[in-house]
Amino acid sequence: MGKKVKKEVEPPPKDVFDPLLIESKTAATVVLMLSSPENEVLAKACDALYKFASKGDENKVTLLGLGAVEPLYKLISHEDPIVRRNAIMVFGIMASNHDVKKLLRELDVTSSLISQLAPEEDVVIHEFATLCLAHMAVEYTTKVQIFEQGGLEPLIRLLGSPDPDVKKNSVECIYLLVQEFSDLHAEALAVLGNYLEDVHALQLIQQTGGLKKLLSFIGVSTVPDIQKNAAKAITKAAYDSENRKILNEEEVEKYLINLLETDNDEVKVAASQAISAMCENLASKHAFGLQGIPQLVQLLSSDNEEVKEAAVTALANLTAASPRNARAVAEAEGIKPLVNTLNAQRDGAIANAATVLTNLAMQEPFRINIQSHGIMSVLAEPLRSTSSQVQSKAAFTVAAFGCDADARTELRNAGGLRPLVELLCSKNEEVRRNACWAVMVCASDELTAGELCRLDALDILEEINLSTGRKNNFSEAALEKLLDNNLSRKYSQMGYLSSSNIITDGFYDCGQIKPGEKFLSLEQLSMQELTDRRAVIFINAKPQEDLEVEKAQDSSYEQAILSPSISRKGSREKARKSKGKKEEEKSKEVIQITPKVQDEIKLENSQWLPPPDFILLDYINNASKIILPLTTTREQVVALAQGIIEAIDPGIHWNRLVADKMGGPIERDKLHDFSWELHISEIEFELKCNVVPIGKVKKGTFYHRALLFKVIADRIGIGCSLVRGKYNRAWNEVKLVDDSPQGIAGLLLPPHEYIVDLMFAPGFLIKQGSAEADQYKNI
């Protein structure tokens, strides 16, 4: 052999010779030693044969001729790990020879070699067992054996080995197993996909050319299972960001796009899912947007619900934070099929269709286009879904489109507000948050806000906001938005209206509502029996049509208040029967106004309407003539409160506006003698109702005057707030800029807040935070 092989034989326990040093210079002698019963002899013999075979192919042929393969085959399953290791090392070297491989196939060594790939085996055994299998896997029959004996899975597992040689041999073997071997492709790819999530394994496969081979299956193969499993393998690999970069470098996008045009639905699903996973890579998202979106849009019309779901999910990922791709969807005429997909059978398809439409809605032209397809009507059904995923996305989409008045009307008419309000009670945090958001957006107009309140949205939101675990930013904003469009309730509950809360016709003050107490509508309050409770003061200034209407106001108050629950038609008939011709004409004239009043206060679907308050209308008209010509806000505030204004002719004085209409100034020490309660009771008795128009009040206390001031100020453009205090107190707050200090011209000073005195010295401005202010609020 060119080198002596020394072997030391261990003596038996007793009655044996001492150890002998064995040396051999011939391969034949060492091959004979493979039959020794001594483990050490076997180990050293195998080691010597490994070194001999490593020197060249000629030596491998020599060992084959000496019959070394058969005894080595027996040793690769030897119980001694060193013997087993050294024998496998010889096999790994010799298997590169064609004739040796032929004999190894005849001996069916693959099963024994695969058994050596167990995780607990030595890394050297892993190295040479995989090397031997890689040499043998070039033959078709051996591929079948390796696959049928379960060799592929342990080979793939060894891709994660810390030893680079083990990795290299495993990759080569796997590569050979799947090379144009169509019977194994599908199964091999299915198993391979489980291990491609490891970035190091994928890098190794890329370096050895295996990744290109994998992708070639997609481009060349026409076998659906191969295409499907290749796409699934890509999907699993794409869960890792580094893997996505590698796949993008190999231009995986073009292969996946081609799969979308196959005739097999399973392949289309797998390709769409792979596209979804790859979208996390921005370069891939851009590539798919340029070429793949039209194909995905076409799949939305598929009869296969799974295909439809996979395609729309891919579109959802493609359009996320990508205006370019959203535009591509619209240009591919995807809006109509997306809206239709909201009626799909699978929850995932519905949820993702809603997501895509929401992504498109970020661009106004597309939002308008989507609205033209009646999206709000279609969303009413997804809002009723039992799937929290669908509920959340549907509510989010409502929030995206609810900024448009026509869209809100459409949702309201489609019955979508009720299920939306019901979602406020969801135990799912995301559903509840998105529902709050949608309610906040939809509460932008009085009609929708009123319907939401009728469906108990306010009560639910108040309950949510009392819980630290359930409330969110949107729940608080939604409550505020609803109250801003229901100022009567806001003032009743919160006792405050800001300068931006403009009081319009239909507002009423029913006093501070108690916690848990039901807030009643003006119609409900008007139908209650006459009681000694605090009167409800309502606002309804309707511009007069002519002088005859103005003359009819007194009779109209009585007629409307006495019959509040009767329809307009019933009121008209009753008026005709109970009054003479003159009164009948007056009633007709008032009735002619009520449809316009209805438009003003927007009490849709209600047969009852509050009567117009022409006295209040006069107040507003007079105030406009007197106040608007004044040049500063301070002058306007004082004039409105004080009511004594000098016109162009200093000798002409106007009647007081607020204070005089409510009984004039009151001396502080005689406030208790101001019998406003009796006056209000007389009005209630006269009208046979607890609801009183503010124009009827001639003796009013703090809260009457403050309300009247706020109403007139809002109509003529003076910004002021309305604040409710205790013990029938209420006041108005205005912000005014003081004059610059003397000698400093043009200095811009911050505004200060003042309370407007309407009781004791009408027109006097009390600086907020002063002792006088506290006294005005609390006396």
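## Basis and overall makeup

A contact means that heavy atoms lie within 4.5 Å. Of the contacts in the protein chain with a separation of 6 or more, 66% are between residues 24 or more positions apart. The model is a predicted one, in which local features need pLDDT of at least 70, side-chain atom pairs count only at pLDDT 80 or more, and totals for chains, interfaces and linings use all residues. Residues are numbered from 1 along each chain as its sequence is written, and side-chain values use heavy atoms, with hydrogens and water left out.

The protein chain has 44 helices and 10 strands. Helices (H or I, at least four residues) and strands (E, at least two) are DSSP runs, numbered from the N terminus. Of the 779 residues in the protein chain, 53% are buried. Buried stands for under 20% relative accessible area, exposed for over 50%, and partly exposed for values in between, with a 1.4 Å probe and protein chains only.

## The sheet of five strands

Five strands make an open sheet in the order β3-β7-β8-β9-β10, and their pairing is antiparallel. Two strands are paired if DSSP finds at least two bridges between them. At the edges are β3 (496–497) and β10 (765–767), each of which pairs on one side only. Helix α43 (residues 702–716) packs on this sheet and touches β3, β7 (721–724), β8 and β9. The direction of α43 makes about 40° with that of β8; the axes are lines fitted to C-alpha atoms, for helices over the stretch in contact, and angles run from 0 to 180 degrees between N-to-C directions.

Strands β3 and β7 run antiparallel and are joined by 2 bridges, with Y496 opposite V723 in β7. From β7, S721 and V723 point one way while L722 and R724 point the other way, and all are buried. The antiparallel pairing of β7 and β8 covers 4 bridges, and R724 has A730 as its bridge partner in β8. Further along the sheet, β8 (residues 730–736) and β9 (residues 752–756) run antiparallel with 5 bridges between them. E733 has I755 as its bridge partner in β9.

## The sheet of three strands

Another open sheet has 3 strands in the order β4-β5-β6, with mixed pairing. Its edge strands are β4 (508–509) and β6 (691–693), and each pairs on one side only. Between β4 and strand β5 (residues 536–538) there are 2 bridges, and these two strands run antiparallel. D509 has I537 as its bridge partner in β5.

## The second largest pocket

The second largest pocket has a volume of about 370 Å³. On a 1 Å grid over the protein atoms alone, a pocket is an open set of points where a 1.4 Å probe fits, with protein on both sides within 12 Å along at least five of seven lines; lining residues have an atom within 4 Å of a point. Grid points are joined across faces, edges and corners, and the volume is the space filled by probe spheres set on the points.

The lining holds 18 residues, of which E462, E463, L466, L479 and Q493 are the closest to the centre. Helices α32 (457–465), α33 and α34 each give two or more residues to this lining. By type, the lining has 6 nonpolar, 4 polar and 8 charged residues. Here Ala, Val, Leu, Ile, Met, Phe, Trp, Tyr, Cys and Pro count as nonpolar, Asp, Glu, Lys and Arg as charged, and the others, Gly among them, as polar.

N486 sits in the loop between α33 (473–484) and α34 (487–494). N486 counts as buried because its relative accessible area is 18%. Leaving aside neighbours within four places in sequence, N486 is in contact with C453 and L458.

Q227 is part of helix α15 (residues 224–237) and is buried, at 8% relative accessibility. Not counting residues up to four places away in sequence, Q227 touches I218, S221, T222, L259, T262 and V267.

## Two residues with positive phi

K688 is not a glycine, yet its phi is positive, at about 55°. K688 lies in the loop between α42 (676–687) and β6 and is partly exposed, with a relative accessible area of 45%.

Strands β7 and β8 form a hairpin with 5 residues between them, and Y727 in the turn has a positive phi of about 55°. Y727 counts as exposed because its relative accessibility is 72%.
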